[in-house]
Amino acid sequence: MMQLALEAARHALRLSPPNPAVGCVLVAPDGSVIGVGHTQRAGGPHAEIMALRDAQAHGRSVEGATAYVTLEPCAHHGRTGPCCDALAQARIAKVVASLTDPNPLVAGQGFARLRAAGVDVEVGPGADEARELNIGFLSRMVRGLPWVRMKAAATLDGRTALDNGASQWITGAAARADGHAWRARAGAILTGVGTVMEDDPRLDVREVETTRQPPLVLVDSRLQTPPDARLFDVPGREVWIYAAQEDAGRAGPLEDRGAQVKVLPNADGKVDLAELMRDLARREVNELHVEAGQKLNGSLLREGQVDELLLYVAPTLFGEGMGIASGIHGRGPMQSPSDALALQFRSVDPIGHDLRILARLPGRDGF
């Protein structure tokens, strides 16, 4: 039953940010499923409410039922009312939850109120899968930082483009669509001004269905972004530009295109990437999806601002060309293999004719 709840939660991945993706399954005392639901868009009903409505719509009584839910039912009045109270008032007999909600507004209070109302509570089943579904939300609640996932498409010899910049297309259509699915679940997409000036990308979600376009975050120290860049042509999408210096003459035309410009300099006159991440967390970004060039990728890795890599590998060789990241140590070329940045494989899956590799920096998920 928890697997059914986790499957329901997956349907919320592209819908619920900044709220967590949660699924709920209601099971009658005879073992039959009487209601299923998942979190809706922010401001809409949570998974538990949707499951209760599903049961009601089919004329099924929920009294004495067990609720399988992938995250602790909320205990606060936010955009919606407390789900723990709704379950108790519906006379649910037992709640089986995967995880405690680390949100300080919940943090065990949902379970406490359920138990106080006479509801049996069990915590733990499906915890690992539920954690992965909401690793960005957990990161923001516990670390005050988004979960940063760096995406790249490369050849077998690690080239992301030819020396002349040509890169379309290294991977096949299936891999590109899969990459858009990861874009769609993100709280925001980040790139650098170099990518904008070289490729003029839209960086929107096109290859999969979505009800929302994640905001685009642009690292542009000197505000060089052309006001006629295609990234401004995505209807309804927010664009957040982070600069390192004030320049009203350059900021004005960008703001006229709808961009929000914020100046966050570091001591070297570049954008302070660590402060940028903290600011994105304040903007309620759970997962940050990075699609940038090798210089910005290298800076993010060097400054410890990346949690995992999402790498699509094509069965081709370029021999020469650009890499995934440069300057990751900031001390010039590595002198020894022992200087390499270590990663841990999380998964390796075929996607069409290509491979998708998810590799995580050690210890990054230990919160």
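1. Glu308 and Arg360 join their side chains in a salt bridge, 2.8 Å from N to O. Glu308 belongs to strand S12 and Arg360 to strand S14 (residues 354-360), so the contact ties together parts that are 52 residues apart in sequence. Both Glu308 and Arg360 are buried. Note that this is a predicted model, so these distances are computed from predicted coordinates.

2. A network of salt bridges links Glu308 and Arg360 with Glu132, Arg149, Arg185, Glu287, Arg346 and Asp365. Across the structure the count of salt bridges comes to 28.

3. A second pair worth checking is Arg10 with Glu129. Their side chains form a salt bridge at 3.1 Å, N to O. This pair also links distant parts of the chain: Arg10 sits in helix H1 and Glu129 in helix H5 (residues 127-133), 119 residues apart. Arg10 has a relative accessible area of 33%, so it is partly exposed. Glu129 is partly exposed too, at 33% relative accessibility.

4. Asp247 and Arg250 make another salt bridge, with 4.0 Å from N to O. The cut-off for a salt bridge is 4 Å, so the label should be read with that limit in mind. Asp247 has 26% relative accessibility and therefore counts as partly exposed. Arg250, at 42%, is partly exposed as well.

5. The volume of the largest cavity is about 110 Å³. Its lining has 14 residues, and Pro17, Leu133, Asn134, Asn286 and Glu287 lie nearest the centre. By class, that lining is made of six nonpolar, six polar and two charged residues.

6. The peptide bond from Pro17 to Pro18 is cis, with omega near 10°. Most peptide bonds are trans. Pro18 lies in the loop between helix H1 (2-10) and strand S1 (23-27).

7. Two residues call for a check of phi. Most residues other than glycine have a negative phi. Arg91 has a positive phi of about 65° and is not a glycine. Leu203 is not a glycine either, and its phi is positive, near 55°.

8. What surrounds these two residues? Arg91 is in the loop between helix H3 (83-89) and strand S4 (94-97). Its relative accessible area is 56%, so Arg91 is exposed. Leu203 is in the loop between helix H8 (193-199) and strand S8 (216-219). Leu203 counts as buried because its relative accessibility is 6%, and the limit for buried is under 20%.

9. Thr316 and Thr155 are 161 residues apart in sequence, yet their C-alpha atoms are 5.3 Å apart in space. Thr316 is found in the loop between strand S12 (308-314) and strand S13 (344-351). With a relative accessible area of 33%, Thr316 is partly exposed.

10. On the surface, Met1, Leu4, Val33 and Val36 form a nonpolar patch. Together they have about 300 Å² of accessible area. Val36 is placed in strand S2 (residues 33-38). Val36 counts as partly exposed because its relative accessibility is 38%.

Definitions and conventions:
Residues numbered from 1 in each chain as written. Predicted model: local features only at pLDDT ≥ 70, side-chain atom pairs only at ≥ 80, totals over all residues. Heavy atoms only, no water. 1 Å grid on protein atoms, 1.4 Å probe; cavity = no way out; pocket = protein on both sides within 12 Å on 5 of 7 lines; lining within 4 Å. Points joined across faces, edges and corners; volume = space filled by probe spheres on them. Nonpolar A, V, L, I, M, F, W, Y, C, P; charged D, E, K, R; others polar. Patch = residues over 30% accessible without salt bridge, like charges linked within 9 Å, V, L, I, M, F, W, Y side chains within 5 Å. Areas by Shrake-Rupley, 256 points an atom, 1.4 Å probe, with all protein chains shown as cover. Helix = DSSP H or I, 4+ residues; strand = E, 2+ residues; numbered from the N terminus. Buried < 20%, exposed > 50% of the residue type's maximum accessible area, 1.4 Å probe, protein only.
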